[in-house]
4 protein chains.
Amino acid sequence: MIYSFTNDYSEGCHPNILRRLTETNLSQQPGYGNDEATLESVAAIRALCRNPDIDVHLVAGGTLANLIVLSAFMKSYESVVAAETGHINNHEAGAIEATGHKIETVPTPDGKLTPALIQPLLNKFPEFHTVKPRMVYISNSTEIGTIYTKQELTDLSVFCRQNNLLLFMDGARLAMALSAPSNDLTMADIAHLTDVFYLGATKCGGLIGEAIVLANPALQKDFKYYIKQRGALMAKGRLFGAQFAELLRDDLLFKLGKHANELAQQMAARFQELGYAFLTPAQTNQIFPILPDTLIAELNKKYGFFVWRKTGEGMSAVRLITSWATPQTEVDLFLKEVEQLSRN
Amino acid sequence: MIYSFTNDYSEGCHPNILRRLTETNLSQQPGYGNDEATLESVAAIRALCRNPDIDVHLVAGGTLANLIVLSAFMKSYESVVAAETGHINNHEAGAIEATGHKIETVPTPDGKLTPALIQPLLNKFPEFHTVKPRMVYISNSTEIGTIYTKQELTDLSVFCRQNNLLLFMDGARLAMALSAPSNDLTMADIAHLTDVFYLGATKCGGLIGEAIVLANPALQKDFKYYIKQRGALMAKGRLFGAQFAELLRDDLLFKLGKHANELAQQMAARFQELGYAFLTPAQTNQIFPILPDTLIAELNKKYGFFVWRKTGEGMSAVRLITSWATPQTEVDLFLKEVEQLSRN
Amino acid sequence: MIYSFTNDYSEGCHPNILRRLTETNLSQQPGYGNDEATLESVAAIRALCRNPDIDVHLVAGGTLANLIVLSAFMKSYESVVAAETGHINNHEAGAIEATGHKIETVPTPDGKLTPALIQPLLNKFPEFHTVKPRMVYISNSTEIGTIYTKQELTDLSVFCRQNNLLLFMDGARLAMALSAPSNDLTMADIAHLTDVFYLGATKCGGLIGEAIVLANPALQKDFKYYIKQRGALMAKGRLFGAQFAELLRDDLLFKLGKHANELAQQMAARFQELGYAFLTPAQTNQIFPILPDTLIAELNKKYGFFVWRKTGEGMSAVRLITSWATPQTEVDLFLKEVEQLSRN
Amino acid sequence: MIYSFTNDYSEGCHPNILRRLTETNLSQQPGYGNDEATLESVAAIRALCRNPDIDVHLVAGGTLANLIVLSAFMKSYESVVAAETGHINNHEAGAIEATGHKIETVPTPDGKLTPALIQPLLNKFPEFHTVKPRMVYISNSTEIGTIYTKQELTDLSVFCRQNNLLLFMDGARLAMALSAPSNDLTMADIAHLTDVFYLGATKCGGLIGEAIVLANPALQKDFKYYIKQRGALMAKGRLFGAQFAELLRDDLLFKLGKHANELAQQMAARFQELGYAFLTPAQTNQIFPILPDTLIAELNKKYGFFVWRKTGEGMSAVRLITSWATPQTEVDLFLKEVEQLSRN
């Protein structure tokens, strides 16, 4: 294989992080998230959110963040509403249900939820015999590469507050969402419009770590108990601290997200020029062009990527992902290959 | 504060690990534990255990390892037996119960379980109204610094197999246990005598990571589902792989454990010479001398450590911990201080 | 209100049950299901199933039976497949998820599952990241009044055994299913084709009680622990025993089911004569005619029933249920009313 | 066997209940606790508690009541404190842990909790690493026959309110407690001093049923969801309603409790006259005389009872239980037997 466009976690991390770990390696630091790097990360995220009262907790991964947050804030009979494509619904091996909660899903072509999609779940009858929606789970960018506009997120936020629902954003790829060309949201907007969200490092230049932001003050009390109970409170929290302290210095995280997006946009533009359609709008670093199966087979001999699903006779959507570490040259070579194969 | 003897996770990691991470940083690697460093780690552990058929899975921390293992192998009405001092009983915020299982505890002065201590829990009456013990949880070294001999572990193992109990060893500090002066166990013994155990990196030279070893082949099937479901399957498994690949090269892990033990033994020897008693035998890198509260107060002005509990009028046991990174000079200075204060 | 066709649990129980309870009231009986009436019930069910090796356990209600059975036989990462209309999916307030398991649903117009509907759920990718189907939940009669034929159940059974799936039948209304005109299944067939099912008393002449039948011997061991742990092991099991001992004497249960079915069929025939369509085939004691909203409004002034859902402009499906205790005269009066209102 | 003193649930129920069930058998009643008998029961309990604002919910049994109540009011990291002898700790097959919560137990010779016994559990260190006590579970009468005085319950109540703990009383045998000679508590006191308790019918003249009383208004919202989710919301709630409607008419429940107590007290008095000691004070219908093993062996040939535990060389405590249905004549014959055997 020449190069893999299978995912955005194939490489290690931005060198600044390894430098930081090396330089601070032998200083004695308190455990469990009280180290200097973690405190620096928390301060940086508060500044980005323009809100000194938010709470920030660093945990290892996205599934862990999702299960901790969702189980912490729901009573046993309460459910979380998600898009059918939501990561919690498809790719977490039942992690949310294992904490005792139902995920209520709605189909949505672009992976995004809207008030109109959620409303029917609030009208269930009869009381007591059904679960009661309490949280709304969205991903930004979504599992299929799309992003929320400020208007869309505002509408959801207003709807949730009117209906006693907590809005939770999975931000495993928030860096890419916020650095996408069409984005008009800021971290401060997100802290204002959601109750809780997280900002991911793993998929954008970090080795490990998601920063859970408790924006709603009512959710902050005793949260560390949940982290400990789910096995997510790390003795050497400095490891997580180093990721965010470095990635949030000089907007590095968002610069890396922009790099990933730009390479994917180059790919998308070329596929469009070649006349190919897309399964979903190509907005971030995950794109889903619909290609002839013959072309896919040829490309797959040299490049790693995921065949998403059949879309029609002899055609399938593929998922191509670029990362903070993808070199321009690999994209150039790949697109040259596509072009040649498409001409034949 | 001059220096902290509070725990063995105040420093970063052995430099070899950072070097490895740096050197391999940009190579594209498969995610979720299929990277080269993880494969190398698994091979090294199989070799140490002299058993090519064991399964090895790397997870972030001890509480995570405990809750994944215990919930994976028990039916909902089955319980785990532990010493009252067991980490799962006291310091995991109810992590095991949160997975639905009762911990049945027995008091034991040295933190170790024996067949005689477990037997009464097997005689419960009446059937169906009580939980049914299925797993036995032990720690080596224990939470209070003691270790199991080969004879003790063999006795437990025989007892467990006779009584349809699975034996599980928490090895967060197994490196120290196996490099203790009085130890006569090997990794191969442990893989032979237990059903499942883990070998910790976090407390002995790693940044993060515990290696779960499924020694009993009946436990191996589908285990990765449990890891994923509990949020413990990391996209960049290479981070965990690098820890064990380096720590298991040339027995580095055990050399680091030996270093930690030796410094603690030096302390213990000096306290003994000064006439102080101990709460538990000083066998590894955690020692529990019983000191006058006045001495403790003075020492605490300059050194970090944990006051464990009152043991009598004006006397308390303290916990002093040394690590792979503790310098000889700090121990020397500390002991000089102890000596001077004791003479006054 | 003149009369309610809202459900089949509005009345008490067949008088034989009260007579039995009265006659045996002061005899001292062992608790927890070891009383004479329970033993008699178990023997009767074994005889009906033509299988002396099945295990039978009596519990209070359907949701309790469902949650005990499903949680007993699935590992935490395993899921149960159900029709979207399944009771466990819609009307149990998340009871199954509260035990830690995902329900994977498939849409189906008649409330019945087929191998073709289940197959796609077995092809999920990638391994470890998704739940793994282990049980198949069906209801007979279904939540929308339909029943399984012997061929349909056989096909499902073969498919499940080929795919390592356990087949579980919710028989809250099994009495009606087995006494329906078009039925060709026996209790013995069901015990042969499923792994576990239950036979309901509550909705067919009993005050309380569902008899869980463990047909697959591999499921029998230690099952009483699950019953106890879920709070379902009753001190005075004689109460449940009396229900089944009497209902299974001289096929009383099935005679009562037949009575309920016949009255519903009379209704269905009349609605058909009047030119109304049905949401689902009218096979048992639950029928779903599609009526003008104006007619529904008039009928609702005198009769209790449930408006199921809008089906088009000015038309809705209603659910009419008859029971073992519904008198012929009430059905006659109701149909006269329908006829008169339809003519206007 | 001549007669069983093994428990207080060997017989059926008071005839008034069967009469009520028979008389109302064919009236159509709403399901799920909205029937006339349940409404009558709720009104009767509100009157007994002298509080129209309490909520009352009827469920089948004690373990079900315990697991519903405890899981409803605790966050996942919160624990319930109980006496080591508590029913939830020993005889519910891990039902509470199966809902995800740790039971923290304290040894107590008489089965009763006091502030002094609970206080140490509130001082745990360090935060986040341990569970946090939130509920206190007591039984009245206790599992070993003793009862709380008004002063003792008041002290506990004050302590709990000062420490943000919810006080929960298991009243499976509350009828006996409140009709015991030394009792000075009323239902109104209990509704005032606890946050939630239940009043049992099963062990005092009913066939089935425990009435959960939510005295603390903050606990009342949405409680029915928990009942439904745990499988405890019965279609024919009229069955439970009939128990309490009849047992609470003219204080029948407490008269039956008094009868059971009086017969046990007769036994206790005679054992005392014969010089035997008791394991615990004989205050209600469960007594624990300490008898010679030879006498026990002889008595066991004719009478059913439970040998509780060895108390010394050749001596054991036995548990003798009388019920609302125990005839005076059986007690007389038993005591005659005891006397004769003791003389030999």
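A salt bridge here is a side-chain nitrogen of Lys or Arg within 4 Å of a carboxyl oxygen of Asp or Glu. By that rule, chain C and chain A share two salt bridges. In one of them, Glu97(A) and Lys102(C) meet through their side chains at 2.6 Å, N to O.

Some housekeeping. This is a predicted model, where local features need pLDDT of at least 70 and side-chain atom pairs count only at pLDDT 80 or more, while totals for chains, interfaces and linings use all residues. Residues are numbered from 1 along each chain as its sequence is written, chains are lettered from A in the order in which they are written, and side-chain values use heavy atoms, with hydrogens and water left out.

The same surface serves both: 100% of chain C's contact residues (heavy atoms within 4.5 Å) recur in chain A.

Here's the interface by numbers, with buried area being the accessible area (1.4 Å probe) that two parts lose on being put together, summed over both.

| Item | Value |
|---|---|
| Contact residues, chain C | 20 residues |
| Contact residues, chain A | 20 residues |
| Buried area, chain C and chain A | about 1500 Å² |
| Share of the buried area on carbon and sulfur atoms | 56% |

On the chain C side, Ala93(C), Glu97(C) and Lys102(C) lose the most area to chain A, together 35% of what that side buries.
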